[in-house]
Amino acid sequence: MSLETDLLLDRRRLKRRLVMWRTLAVLALIGAALVVWRHQGGTVAGPRIARLTVSGIITQDRKLDTQVAKLADDDRVKALLVEIDSPGGSVSGGEALHDVIALVAAKKPVVVVMDGIAASAGYMIAVPAARIFAQSSTLTGSIGVLVPTGEVSGLLKTLGVTVDDITSGPLKDQPSFTKPMTPEGREVMHGIVMDMYDQFVEMVAAGRHMDPDKVRQLADGRAYTGRQALKLGLVDAIGGEHEARAWLAETRDVPTTLPVDEVVTNGLAARMFAGSLSGLISTAWKSVLSQGVMLDGAWAVWQRPGG
């Protein structure tokens, strides 16, 4: 056999081995992706418990609202477990999420587990649940609405800058960033805040089966610890996911052996990317929030004292 023939055969053997290893590598990658997909929100076959994790600032998320609403008519989902670690967020975002959770709660068991903080809009989304669990040290409550405003007319005057707004009515520029709020403007803004506050109180009263006047006594904006909230009737028990699963099994015939499927709206690639960064981003965001954040619009958010 000639040298050229030997080289040709060796090359073919090497090519076959290379193809084999490449194939194995691709199969391994697909297998790993399927594991991540199942762990981070892929559809679990058969009956399951859906878990909705709400963390950080709550804002309007139509994709998430749609995904949660679908759970109401999904016969494979036997219960919804909502885990909350949020200081609140926008009133509209909290209201929308509250409503879709209530939609699910009308058809199947919903149980809430509060982590470090579930305040303001973070509490709003908890009240449709049949059972609310909190840690003893959880900060919750803070029932109320905040509309931050500010104006820099003093600074502009010092700089020699004059602002002249042309409006269609005396309240069109209220509140204004460039001049103090008028008494009429303050009255109108206060009316808006109190109307949203009344809506918040009504949600709590309906969800917790409490008299609205009793809720108003508790809803002066203050936060409560989990133990305090338990005594006041704002939560039902002290505990975490283990206790929540046990309650579902004992009172709603939802076995503790059922798998848990995460409610997600992003795709596989995004979930794989987010999995490695979520902890870092969450930590950074909480650090920023803890220093106090000026937010535009109407917010139901716990403001750290001195922030």
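**Entry 1. Arg-208 and Asp-236**

I began with the contact between Arg-208 and Asp-236, a salt bridge in which the closest N and O atoms are 2.8 Å apart. I noted that this pair links distant parts of the chain, with Arg-208 in helix α6 and Asp-236 in the loop between α8 (226-232) and β8 (237-238), 28 residues apart. I recorded at the outset that the model is predicted.

I then looked up the accessibility of both partners. Arg-208 has a relative accessibility of 11% and therefore counts as buried, the limit for that class being under 20%. Asp-236 reaches 23%, so it counts as partly exposed.

**Entry 2. Asp-198 and Arg-216**

I turned next to Asp-198, which forms a salt bridge with Arg-216 at 3.4 Å between the closest N and O atoms. I found Asp-198 partly exposed, at a relative accessible area of 26%. Arg-216 is likewise partly exposed, at 33% relative accessibility.

**Entry 3. Further salt bridges**

How many salt bridges does the count come to? I noted ten. As a general point, side chains of opposite charge can pair when their charged atoms come close.

I looked up one more pair, Asp-220 and Arg-222, whose side chains meet in a salt bridge at 2.6 Å from N to O. Asp-220 has 44% relative accessibility and so counts as partly exposed; Arg-222, with a relative accessible area of 47%, is also partly exposed.

I also recorded a network of salt bridges that links Arg-51, Glu-83, Glu-241 and Glu-262.

**Entry 4. Helices α2 and α3**

I examined the packing of helix α2 (residues 62-71) against helix α3 (residues 91-105). Their axes come within 7 Å and cross at roughly 15°. Are the two helices roughly parallel or roughly antiparallel to each other? Angles under 35 degrees count as roughly parallel, and α2 and α3 are therefore roughly parallel to each other. I noted the crossing of α2 past α3 as left-handed.

I then took Leu-97, which is found in helix α3. At 4% relative accessibility Leu-97 counts as buried. The C-alpha atoms of Leu-97 and Leu-64 are separated by 8.3 Å, although the two residues are 33 apart along the chain.

**Entry 5. Two further contacts across the sequence**

I looked up Val-77, found in strand β2 (residues 77-86). Its relative accessibility is 4%, so Val-77 counts as buried. Val-77 and Leu-258 are 181 residues apart in sequence, and I noted 9.9 Å between their C-alpha atoms.

I returned to helix α6 for Ala-206, which has its place there. Is Ala-206 buried or exposed? At 53% relative accessibility, Ala-206 counts as exposed, since that class begins over 50%.

Ser-142 is not a glycine, yet its phi is positive, at about 50°. Ser-142 lies in the loop between β6 (139-141) and α5. With 5% relative accessibility, Ser-142 counts as buried.

His-209, a residue other than glycine, also has a positive phi, near 55°. I placed His-209 in the loop between α6 and α7. Why does His-209 count as exposed? Its relative accessibility is 73%, and exposed means over 50%.

**Entry 6. A nonpolar surface patch**

I closed with the surface. Which residues form a nonpolar patch there? I listed Leu-155, Leu-159, Val-161 and Val-163, which together have about 360 Å² of accessible area. Leu-155 is found in helix α5 (residues 153-159). At 52% relative accessibility, Leu-155 counts as exposed.

Key
Residues numbered from 1 in each chain as written. Predicted model: local features only at pLDDT ≥ 70, side-chain atom pairs only at ≥ 80, totals over all residues. Heavy atoms only, no water. Patch = residues over 30% accessible without salt bridge, like charges linked within 9 Å, V, L, I, M, F, W, Y side chains within 5 Å. Areas by Shrake-Rupley, 256 points an atom, 1.4 Å probe, with all protein chains shown as cover. Salt bridge = Lys/Arg side-chain N within 4 Å of Asp/Glu carboxyl O. Helix = DSSP H or I, 4+ residues; strand = E, 2+ residues; numbered from the N terminus. Buried < 20%, exposed > 50% of the residue type's maximum accessible area, 1.4 Å probe, protein only. Axes fitted to C-alpha atoms, helices over the stretch in contact; angles between N-to-C directions. Parallel < 35°, antiparallel > 145°, perpendicular 65-115°, else oblique. Left-handed = near helix turned anticlockwise from the far one by under 90°.
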